[in-house]
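Subject: Structure for your review

Dear colleague,

Please find below the structure that I am handing over to you. My findings follow it, and I would be grateful if you read them alongside the model.

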Amino acid sequence: MSRPGFVLEVDDRTPPLVVHEGEGFRLESFPLGTRVVYPPETLPALPDVEAAISEALLNPVDSEPLPALLRPGMRLTIAFDDLSIPLPPMRAPDIRQRVIEAVLTMAADAGVDDVELVAANALHRRMTADEIKHIVGERVFRSFFPQGLLYNHDAEDRQNLTHVGLTDQGEDVEINKRAAESDLLVYVNVNLVAMDGGHKSVPIGLASYRSLRHHHNAKTMIASHSFMDHTRSHLHHSAWRMGRMLSEHLKIFQIETTLNNEVFPEPYGFLMKREWEWSIRDQASMLAVRRGLSVAPARVKHRMFHDLRAPYGLTGIHAGETEAVHERTIQAVHRQQLVEVQGQSDVLVMGIPYLGPYNVNSTMNPILATCMGLGYYFNSYRGQPMVRRGGAVILYHPVKADFNQLHHPSYVDFYDEVLAESTDPLVVEEKYEQQYATDPWYVHLYRTSHAYHGVHPFYMWYWAAHAMDHVDDVIWVGADPKSVRRLGFRAASTLTDALEMASSTVGPDPSISYLHNPPHLITDVH
Amino acid sequence: MGRASVLSDGLDDVRKVARGWRWGRRPLVPRSAEAFVPEVERSVFPTAWSRTLPASAVREVAQKAGLEPVFRSQVRTRVEGLDVLDRVEGPVIFVAPHASHLDTPLILLSLPDRWRRTTAVAAAADYFFDTWWRAVGSALLFNTLPIERRGGAIATTPGDVLAEGWSLVIFPEGTRSKDGWMGRFRLGAAWLAVEHGVPVVPVVHRGTFAAMPRGQGWPSREPSTGHRAEPARGRSWTSRRGRRQLTIRFGEAISATPGESANDFAARVRAAVSSLHDEDRTTWWDSRRREAEGKTPDLSGPDVARWRRVWAQSESPVVDTERRRAWSR
């Protein structure tokens, strides 16, 4: 029986607690009375994954069974989430592989010849062949990739985009042409957190910049309270309008999967346990890992973390009509991640780990660290934010100005040029977004190399816009002061210093909450 | 990073973990997390070996050559009522309030050797039997056997031990008092007495909470009372200084009447303990009179502020140690 998440109140019996900070973690002694939000323990995985997949495809929600939708001579496209989820990447076999194999088996039985598979990477970087292979598995990869029938979506390939129409609010709906012109589009999703899935899959994952700009903008994202609650997120409202409009033109069979909280494999298992329950072995593992990290060269340390493959277990799979499926998916995600919290705090503390959606096999640069902290973690709430309006946020991360030139070329210029002039999301959007979004060099790198789209760093900055609008102070502990100043924030050496600095905003005796994340959690703040 | 820095950081980490995770001490759960501690299915730790002849021999040496000298060097004791044991056949169940870890050695070391050697102690499985070394140590030294106190379930072992002719010490509250006063009696002891037809010998003690309350690992010394110029009349200085004074009194054995329920018998045992405590605190005659009037003070203590309850119990009992003379001088 998995225990629910809960809120710990730090007292004299509480040992130091783990706080992630990039490619490492520290043991932090929090002030007495600090509230620490722990996610629910990992839920038991479904014992028979194949049976669960089969059941979902044969008895879908508000849809005919998948075999009934398949016929010879039809055009079938299978789209799937890219490497940005789950985090860390899933230990093989990835759940998408198992679902896609089941779909293809049914398609083969039905005599469907015209099948293509598209990675729904939107403006994310093109995945390498190995990365695609890890997601779909060797069998699918060998059958489709060499023939060019398994590929990354290209949001800048005008020849292969279809403008389906406008929503009732005038938003362009433009998606991958192959998908738009298929008789059936099967979307295979991994719903790691509540913001994934639903109409965010097809209308966003397979879209072009022209379509994405309607919801990926500062104004919409400031008004999304939060991204983890699609009923209150303006970004999702826009995606839902697009999805509903799309479903009038295109038959979509949505398959959504949910995972448990098995994030860290051994010997990092202690990171998923509640600290006071650490056995002697856990304590020894922690000490050994800490020592190893302290002496390891940067490259080795990077590998130690980025080679991690999570032993996730499947907790649910639903297929059929997108919205009906997604409601069930959200319930499953909440079962694993939702924690009830009473009231907001003056200060919210978060440790930013080594990995976010946009630095898989890459580097977490300062903009991505900001997006991870103020975008994803800050928005991991339902109801109201964990921190009160006008409060302070304290983040842990080294925030080194290290950029992966292959993956994040436009980030370098965004950091050096745009943020040097303004850190206000509305200002940078107004002044620079178009220039970066249409820059031919960035477009070229996005299409032919493995670079994120030129506009991507702007989107990362918009992700953080709601938090920047909500709190008055953002302080990074253990960060490079120069980088942090460029981001428009402040740096502190220790938590004590950070609280001292925040006292001008929240007073000398603030209430403090710490999100003990990862594993993933969503606070339900009453 | 230099080698020295790596070493010192490593040592800092070890120190932090040793302190945070209380190496060498019992781990603690943060109070707000106590509700989320998982129920652990414990197997009954086998203790039959501790009641074999060789183990008894080792225990005899450990108690008489180790425990008793140390105990007597730290506290002073006054033992009363042992004559009741001459009027009862074993096995019996000794029932006592529980205020301190001193209670068990006080009871065992106060018993006549014949009784002490055939008496076992019921101890909380989740506390005394959570690690093998603690289980072995307590079983060997105190002849403990585990009982489950969570959920009210009681292991089968105590009944077997009684059936084998061993007497038992049971603290019916199931845990040490937080303020020195007696808590709610659980039914385990009464149920065992009814079920196995053995008498209950009520036992009371005073001063153990004052000497070594919860959270303290060793008996404290009596604080000096420098403000007193003279000892009170009839009392010696030694009763107020140095080693803490403990008292223990054994009461008349009581047995369940035919058809009496464990619930009713537990109430009678509790009343007997309260009356015995009143006797130890005052005199036999006064306590009898109060009992007849139904005015025996309840051992759960007065309904006053918590600090006053603790305050009242944190003073060691005063014992009249002046030697009486047959003829006045």
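In this predicted model, 19 residues of chain A and 19 residues of chain B make up the contact between the two chains. On the side of chain B that touches chain A, twelve residues are nonpolar, four are charged and three are polar.

Chain A is divided by the domain assignment into domain 1 (6-42 + 337-525), domain 2 (49-259) and domain 3 (266-307). The centres of domain 1 and domain 2 of chain A, taken over C-alpha atoms, are separated by 28 Å. Contact between these two domains of chain A involves 30 residues of domain 1 and 29 residues of domain 2. On the domain 1 side, the elements of chain A that contribute two or more residues are strand S15 (381-382) and the helices H15 (425-438), H16 (440-448), H17 (456-463) and H18 (465-470). By class, this side of domain 1 of chain A comprises 18 nonpolar, eight polar and four charged residues.

As for annotation, an unreviewed UniProt entry records the feature "domain: LarA-like N-terminal" at residues 37-223 of chain A. That span of chain A is 34% helix and 20% strand, and its end C-alpha atoms lie 25 Å apart.

I turn next to the nonpolar cores. The largest has 166 residues, and the members that touch the most others are Ile78(A), Ala79(A), Val393(A), Ile394(A) and Ile475(A). Helix H13 (residues 366-377) of chain A supplies the largest share of this core, with eight residues. Because domain 1 (6-42 + 337-525) and domain 2 (49-259) of chain A both give residues to this core, it lies between them. Neighbours within four places in sequence aside, the contacts of Ala79(A) include Val118(A), Ala120(A), Ala179(A), Leu185(A) and Tyr187(A). Val202(A), Gly205(A) and Leu206(A) are also in contact with Ala79(A). A second, separate core has 59 residues, among them Val95(B), Phe142(B), Leu168(B) and Ala272(B).

Finally, some details of chain B. Chain B contains twelve helices and seven strands. It has 329 residues, of which 36% count as buried. Of the contacts in chain B between residues at least 6 apart in sequence, 75% join residues at least 24 apart.

With kind regards

Methods: Residues numbered from 1 in each chain as written. Chains lettered and ligands numbered in written order. Predicted model: local features only at pLDDT ≥ 70, side-chain atom pairs only at ≥ 80, totals over all residues. Contact = placed C-beta atoms within 7 Å. Nonpolar A, V, L, I, M, F, W, Y, C, P; charged D, E, K, R; others polar. UniProt positions renumbered as here; feature names shortened; annotations may be inferred. Helix = DSSP H or I, 4+ residues; strand = E, 2+ residues; numbered from the N terminus. Domains from an automatic or database assignment. Buried ≥ 20, exposed ≤ 12 C-beta atoms within 10 Å, placed from the backbone. Core = buried A, V, L, I, M, F, W, Y, C linked by C-beta atoms within 7 Å.
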